[in-house]
Amino acid sequence: MPFAPAASAAPGEKVAVVRTLASRVGLIVGAASNCRNLPRARVQAVVDKFAIVIREASTNEVERAEITQQLDRSLSDGRRAMTNVDVECGPAERQFADLERSIITSAPSDAAATAAATPVQPAPTPPAPVQTAAAPAMAAPTGSGPAIRGVTDREIRFGMVGPFSGPSKQLGRQMKLGIDTAFNRVNDSGGVAGRMLRLISADDGFDPTRTLAAMSQLYDKDQVLCFIGNVGTPNAAVAAPYALERRALFFGAFTGTPVLRRDPPDRYVFNYRASITEEVEASVRYLVKVRRLQPRQIAVFAQDDSFGDAVFGVVVKAMRTLGVNDGQALRLSYKRGTIDVNDAVALMATRKAANAIKSVIIIGSYRSSAKFIEKTHDSYPGLVYTNLSIVGSTELSEELKLLGARYTNGVVVTQVVPAVDGYSSAILEYKAALAKYFPGEAPDYVSLEGYIGANIMIQALRQIGPQLDTEKLVDSLESLRGVDMGLGTSLSFGRSDHQASHKVWGTALDESGKYQAIDLE
């Protein structure tokens, strides 16, 4: 077999050869993949053949995953080394052609020597790296029927864009953790129709101006089948149109934005979670019906942009639906991506004497939310703070615990998943899988959401069988009805409803910083 480890080599020697190849070949292939004149099929053929080498040389799954991750890093480094495509593509294509010939004509030891001796263009200091999950290696397609993007005989590649740097990086990290947990669990049992599920992630730092480049990285370079678990509302406003233009599935994003919930729904956009509208309505009902507050006693704290305006509009509409006067609702703003809440605190103070504020509906990141609570807590004794699930529940709790017990007690967060401290079958299954594949990681509301969303995807894939493509996957999702995952609510899709769950749960922090379930009705 071309590029296969020598039969006479000992297992340790085979692995050493493949590790050498992973670093050198990755740089060459990664650089060449940026060249427009080089057909994608040739690049993918080299990657697929090398994946077979990794699989045959590895003595266990951990070793295979480590070498695959090493190859992924080298591919990314090679791509980033191409700072001037017009100038550097000539040498890069020649290096690739030499490597390609060595694969066809050389024994593995000769090929390794060729790769090691081939000069690679020196790479500049790279930007923040694209984070790639360690996963089972790719396999070459069988050649039966047209090639499907992101699908080989042994692998399905998924892409995720999220914040893996910056102040909201824990949201991206936890969402990826949940998806990887579900994927690892199914991969351990043989995958889906014999294919391993692999998640490749790209960092946009929660900055929508970087989202398009991250989407392109995953779609054009990493050739993912679809997107799953993207994080951020303004980010989704950029990412979803990109996916729709390419008829790529955009599934289970961490946002309740109406952009992803059109009527009728966009064919390629599916959501797991309840919408922002449903969470805000639940918060308003809780404050008005349970806590018996008047609209003039309720303020809204949200970022100073179109998203904040839209959320404030949802609050106003929810109050109208409840038949209460909305004229006195107070809008408080802060600049997105900052923790500068001083203007909001000052504006709130102007209303303190005439109309005492009794509650604030907070729609923001965990750091800005915690800063607002810190700045207002002592000036407004008994103030009821409600947050939406997009805040990042664990991170908010950690921020507030640093301030002291009095800052955590009573802070309400609406959730789109059940309490992670529960003992339902679904929660126990999730905790067991998390502990197995990521020991030491604490259960988290965001990773639980990623885990649930990934399991919905797995169920849809299982319905299809081996003949997979995007259209079959969309049809399979639309056919899911009454799925019982043990969440206390069934999950369904349809041609006219691409949101699996409409359930909102209530939680509140106690003095120890732990979330307790509360009744929102």
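Student: Is Glu 471 buried, partly exposed or exposed?

Tutor: In this predicted model, Glu 471 is partly exposed, its relative accessible area being 30%, and this class applies because the value lies between the 20% limit for buried and the 50% limit for exposed. Arg 267 also counts as partly exposed, at 27% relative accessibility.

Student: Why might two such side chains be found as a pair?

Tutor: In general, side chains of opposite charge can pair when their charged atoms come close. Here, the side chains of Glu 471 and Arg 267 form a salt bridge, with an N to O distance of 2.9 Å. The pair connects distant parts of the chain, since Glu 471 belongs to helix H17 (residues 470–478) while Arg 267 sits in the loop between strand S4 (250–251) and strand S5 (269–270), 204 residues apart.

Student: Which residues are joined with these two into one network?

Tutor: Through salt bridges that share partners, Arg 267, Glu 471, Asp 475, Glu 478 and Arg 495 are joined into one network.

Student: How many salt bridges does the structure hold, and which residue forms one with Asp 309?

Tutor: The structure holds 21 salt bridges. Asp 309 is paired with Arg 331, and their closest N and O atoms are 2.7 Å apart; this pair links Arg 331 in strand S7 (residues 330–334) to Asp 309 in helix H10 (residues 306–321). Arg 331 counts as buried at 17% relative accessibility, whereas Asp 309 is partly exposed, with a relative accessible area of 45%.

Methods
Residues numbered from 1 in each chain as written. Predicted model: local features only at pLDDT ≥ 70, side-chain atom pairs only at ≥ 80, totals over all residues. Heavy atoms only, no water. Salt bridge = Lys/Arg side-chain N within 4 Å of Asp/Glu carboxyl O. Helix = DSSP H or I, 4+ residues; strand = E, 2+ residues; numbered from the N terminus. Buried < 20%, exposed > 50% of the residue type's maximum accessible area, 1.4 Å probe, protein only.
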